[in-house]
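Look over the fold before reading on.

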Amino acid sequence: MRIAAATVYTKALPLRDPFQHASSGLITHLHEVYLRLATDEGAEGFGEVRGNAHYVTGDTPARIVAVLCDVLCPLVAGADPLQLGAIMDRCDRAIHGNSAAKAVADIALHDLVGHLLNVPACVLLGGRRHDRLATDTSIPFCPPEAAAAQAREYLDAGFGVLKVRVGLRPFARDRERVEAVWATLQAHPRRGDAAIAVDTNQGWTVKEAIRNLRALERYPLAWAEQPIAAGDIPGLAEVRRQIAVPIVADEACKGPEELQWIVRLQAADIVHLKLLKTGGMARMREMMAIAEAAGIGVMVGQMDEGRVATAAAVQCAAAARAASGELWGFQRVAEDVATGIEMRDGHMLVPAGPGLGVRVDESKLEKVAEVRA
Ligand SMILES: [Mg+2]
């Protein structure tokens with residue numbers, strides 16, 4: 001059995017609620033890149049990755065497509081899909097970096113092999129440890145009254161952590177928003193089993209982070225995420241030393257190389273892993289083991305992506321010992337190309353079907369290129 005064709009697609013998924021955080025700019029569409037792998041015996045697998053994640057990986061949709069067409073698809077086409085590890089090793093040797101392009105190839109391979117073996121992809125990653133996964137949700141930049149209303153809605157829906165976006169100046173506005181969300185939580189019947197957190201998305205300097213997080217210490221924050229620039233891991237360690245709140249490294253924790261520096265410098269309490277940063281599902285599983293051995297917690301997230309990419313993150317989280325996640329975001333997509341994942345009472349349900357557990361409507365995708373074996 002061989003992979004007979006690797007087909008690259010793109011699709012712009014419009015968002016119902018455009019979003020913005022401290023480093024993203026305004027995002028109105030998810031510019032997704034999809035890969036379909038088909039064997040000579042008729043089995044298929046799909047992968048999806050967010051193309052306009054330039055503010056995290058430096059990628060653009062066109063760059064991901066070019067790396068797939070020029071480098072990765074010619075290595076995947078013709079290969080035996082059951083050798084998925086060896087295929088990805090060849091991809092790593094062929095081109096440095098390019099984690100998003102590698103992620104979409106790795107995700108499609110896991111979906112394909114899951115279908116071939118008739119098992120969910122989490123079985124390929126160590127087996128299913130969870131049937132449902134708690135997920136946090138984000139309160140966007142908005143006036144305090146709107147933040148309070150949004151917080152109430154999320155608490156009613158069962159979410160356990162309300163993560164407030166901060167980091168756009170002035171800080172006084174961030175503090176008002178956190179106060180509004182905290183007051184809403186205190187007045188809600190679920191106050192005992194829900195929490196608040198903040199995500200700065202690199203918005204502060206080290207000094208600002210220490211000052212601002214100290215000012216927020218009166219609220220019992222579950223965590224403070226990526227307070228400073230991604231590249232400053234020693235700075236993140238300094239913030240962590242000065243602040244009692246657990247520090248989450250997101251943009252700072254891309255692949256295993258960054259993770260080992262976070263471990264060495266004790267720069268985070270938790271790392272936020274996302275497939276387009278790790279370069280795929282197998283690599284994310286390896287990074288979980290590194291973090292676990294170092295006593296660092298793991299959060300599995302995604303880039304507010306569509307349902308194929310989200311399902312891949314869900315499969316990884318289902319195989320993880322820790323089950324904290326940020327798997328909510330696909331609901332913003334006005335019209336997706338896939339179905340099959342479901343949210344209930346603030347928890348993602350792990351699909352039971354083979355591979356990623358989602359169905360893709362190929363007719364909604366825009367074909368860009370095909371590499372045949
Ligand atoms: Mg984050």
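Which residues does Val271 touch, not counting residues up to four places away in sequence? This is a predicted model, in which local features need pLDDT of at least 70, side-chain atom pairs count only at pLDDT 80 or more, and totals for chains, interfaces and linings use all residues. Residues are numbered from 1 along each chain as its sequence is written. With those neighbours in sequence left out, Val271 touches Ala249, Cys253, Leu259, Ile262, Ala291, Ile296 and Val298; contact requires C-beta atoms, placed from the backbone, within 7 Å.

Val271 also belongs to the largest nonpolar core, of 118 residues, where Val104, Val181, Ile196 and Val271 touch the most other members. Such a core is a set of buried Ala, Val, Leu, Ile, Met, Phe, Trp, Tyr and Cys residues joined through C-beta atoms within 7 Å, buried meaning that 20 or more other C-beta atoms lie within 10 Å of a residue's own. Helix α4 gives this core its largest share, 10 residues. At least three residues come from each of domain 1 (3-119 + 360-372) and domain 2 (124-359), with bounds from an automatic or database domain assignment.

Now the sheet. Four strands form an open antiparallel sheet in the order β3-β2-β1-β17. Its edge strands, β3 (44-50) and β17 (366-372), each pair on one side only. Strands are DSSP runs of E, at least two residues, and helices runs of H or I, at least four, numbered from the N terminus; pairing takes at least two DSSP bridges. Strands β1 (residues 3-19) and β2 (residues 27-39) share 12 bridges, and Ala12 has His31 in β2 as its bridge partner.

Definitions and conventions. A residue is buried if 20 or more other C-beta atoms lie within 10 Å of its own, exposed if 12 or fewer, and partly exposed in between; C-beta atoms are placed from the backbone. Two residues are in contact if their C-beta atoms, placed from the backbone, lie within 7 Å.
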